[in-house]
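Me: I am new to this structure. Please show it, and then I will ask about it.

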Amino acid sequence: MEKRRQMRTAVLSVQAGRVALIGMTRAELRAWATAQGWPAYRGDQLFMWLYARQARSFDGMTDLPRALREALTERAVIEWPEPLRRDVADDGTVKYVLRLTDGAVVETVFMPRPDGRATVCVSTQVGCPMGCRFCVTGAMGFGRNLTAGEIVGQVLVVRADHPEVVGWNVVLMGMGEPLLNLDAVEKALDILWDPRGLGIGPRHTTVSTVGIVPGIRRLMTRPVRPRLAVSLHAPEPALRARLVPVERKYGLFELMQALREVPLETRREWVTIEYTLIGGVNDRPEHARRLARLVRPLRCKVNLIPYNPAPIFPLEEPTPEAVEAFARILRSHGLTVTVRQNRGRRVMAACGQLGYEFVRPEARGPAEGTTGP
Ligand code: SF4
């Protein structure tokens, strides 16, 4: 009995001592291969198998010698998030509920497009500490940051399910505030962009922030940058502070200054301004006129997001007429405006809805007497 217990402990410690390879950049894999006593180019081969060919085990890495594959099996693991559920909406959107190795759960969304391309919306944190007043993920509270491997792993899971897709966009707009987890996000971007791996270019990658000014400055002064989307949600500080608590730390004018400083070198670069339209709160014509004056000096596009209802908030959708009037006013000021389709609403996969089932049950109904922001 004691011997069996010791053996089990020994096996567990070997497993615990194995290195997780998903989440390593090509440079890290080369360095790790060298540290194992192998030539550095073995790291390049591993990188290609892990990310371009999406290998799930070392057995199938047929251009590696058998002895090397056996050594890899002893020393390393390939861990992907485990799909617990795939909820499919009528419009083809799929919400993935994924379990991570420690049991934490995140959601990831697949959105196909008519031209054969698709977008995957990935999470960067378990829950979110920002507490935006209309966002279900914010109501979950904060669990922990994801690792680079857990961010890239979401893309691997979704991509493996959809070999028919001809090209991928990745948006870091799922659960969490990416710029509060910037070390892992930057590493994940390096992996996603590497042409010997997934090869999803920077122009096809968007990082969305609610306005973490130091993070914007750090991310957007990198030599290679993703596209940036910034959630404003209100054109003046008092209203914004009611919707987005981060306004009290990084105010609207400081944020606008940081956006003016983003180096946009070609005409194909711009900042996307995200604005969630909430019925009767921030969707009136005067809000549109103020927003136009605020963002017109930027090279930007405005993306209007009609609020996606969640039963935990006493908020209303804007009327179609209010959305149309808001967009018309912005366009009359020379701005490029898109209105986001409410994709995946039936399966609670639309913007602001991720994490609904993880919110405490007692929080899933508006508290008596609440009036919203
Ligand atoms: S909108 Fe984004 S930043 Fe705000 S609580 Fe939700 S996930 Fe967090």
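Reply: Buried means under 20% relative accessible area, exposed over 50%, and partly exposed in between, with a 1.4 Å probe and protein chains only. This is a predicted model, where local features need pLDDT of at least 70, side-chain atom pairs count only at pLDDT 80 or more, and totals for chains, interfaces and linings use all residues. Residues are numbered from 1 along each chain as its sequence is written, and side-chain values use heavy atoms, leaving out hydrogens and water.

Me: Why is strand β12 largely enclosed by the rest of the structure?

Reply: Strand β12 covers residues 271-277. It is largely enclosed because the number of its seven residues that are buried is seven.

Me: Which residue in β13 is the bridge partner of Glu274?

Reply: Two strands pair if DSSP finds at least two bridges between them. Seven bridges join β12 to β13 (residues 300-306), and these strands run parallel. In β13, the partner of Glu274 is Asn303.

Me: Which residue stands opposite Val271?

Reply: Strand β11 (residues 227-231) runs parallel to β12, joined by four bridges. Opposite Val271 in β12 stands Leu228.

Terms used. Helix = DSSP H or I, 4+ residues; strand = E, 2+ residues; numbered from the N terminus.
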